[in-house]
Amino acid sequence: MSSLAFVFAIFSVSNAFAVDCTTSKCHGDLWSQSIQKKEVHGPFKAVKNAKGCVLCHVNNGDPLPQDNAKIPKDHLRLVNARGAKANSTCLACHDDIHDRKHKVIDEKGCVACHDPHASNHTKLLKAEPTAEKQCLECHKETAKALHQGKFHTGDVKLSACLECHSPHGTKHAKLLKQTGRQLCLSCHNRKPFDMKKTIADNSHFHGETAENKQGVDCLKCHESHTSAYASLLKGKVLSASGQSARSKDPKSDFGLCFQCHKQVFEKTSFRNATTNLHVLHSLRKKKSLGCFACHDPHASKNRYLLRECF
């Protein structure tokens, strides 16, 4: 049965109930308090004479407590009203949730985040629409990391989380709105980090192979949420001029690059006779150069990602 047919079918039996939920001693307070809030659930607005209530509450759900003689046996009852079991009621109308659902929907239900009747917050959210209240209450490891490093967008906002993730579900892993590089390029397509133009203007890319001419995924080198290093890098990279803080072990200054390019200080064709020119340029005590002095980390018109001028 379609969502619309379901709603009309339920509405058609609403006249069978003579109870006025809005004026009853049991639910009158819920109505009077909820209707004053900034956002009221559509069906709840239509609650007069129980026509709104019946859209979500029916009398063939979980059995009612038998020890309360005041409750009629045919009283309205939300089908499978316990936590995630109530989802079938929500999804009868809100049927645009993808198969890859947010884990909390299956484990605790829509009502874990949303109030089914009314709220003073947007989207009927139970708590303030902030990253701390909506996302980081559950994603504690991410919360811990955010307070120890530099955040992706500069500060922790719910809107920042929703730039990349859907709160309900998507076709992609980790609730991402798009996959791989396309997600990154949806924002990094303008100055000062116009990577879409960088890719379009060049012919050689970081990590390109015969099978993958576009090179490695952005997350090979960058963290997605937070990092202790500039540009959300996953490790240390000496600045192009070599003037950033040096370590006691010079090779550790190239930690990120060396995760893949371990051979440059031993096996390399960049030599003057027997002199390893990578070592000559990078490991000098004075005026040493970072990798980016000669190589572009993303793309170039030249092999080895060499810059036009260096």
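## Strand S11 and Asn276

A strand here is a DSSP run of at least two residues in state E, numbered from the N terminus. In this predicted model, strand S11 covers residues 275–276 and contains Asn276.

Asn276 is buried, its relative accessible area being 9%. Polar atoms of the Asn276 side chain are found 2.9 Å from the backbone nitrogen of His278 and 3.2 Å from the backbone nitrogen of Val279. Beyond its neighbours within four places in sequence, Asn276 makes contact with Val264, Phe265, Glu266, Thr268, Phe270 and Arg271.

## Cysteines

No disulfides are found when the whole structure is searched. Cys135 accordingly takes part in none, and the nearest cysteine sulfur, that of Cys161, is 3.9 Å away. Cys135 is buried, with a relative accessible area of 17%.

For Cys257, the closest cysteine sulfur belongs to Cys291, at 3.8 Å. This separation is too far for a bond, because a disulfide requires two cysteine sulfur atoms within 2.5 Å. Cys257 is buried, with a relative accessible area of 16%.

## Helix H11 and Thr198

Helix H11 spans residues 195–201 and includes Thr198. The relative accessible area of Thr198 is 23%; Thr198 is therefore classed as partly exposed, since buried residues fall under 20%.

A polar atom of the Thr198 side chain lies 3.1 Å from the backbone oxygen of Asp194. Thr198 and Ser300 are separated by 102 residues in sequence, while their C-alpha atoms are 8.2 Å apart in space.

Note on methods: Residues numbered from 1 in each chain as written. Predicted model: local features only at pLDDT ≥ 70, side-chain atom pairs only at ≥ 80, totals over all residues. Heavy atoms only, no water. Helix = DSSP H or I, 4+ residues; strand = E, 2+ residues; numbered from the N terminus. Buried < 20%, exposed > 50% of the residue type's maximum accessible area, 1.4 Å probe, protein only. Polar contact = N/O pair within 3.5 Å; in protein donor to acceptor, adjacent residues only side chain to side chain. Contact = heavy atoms within 4.5 Å.
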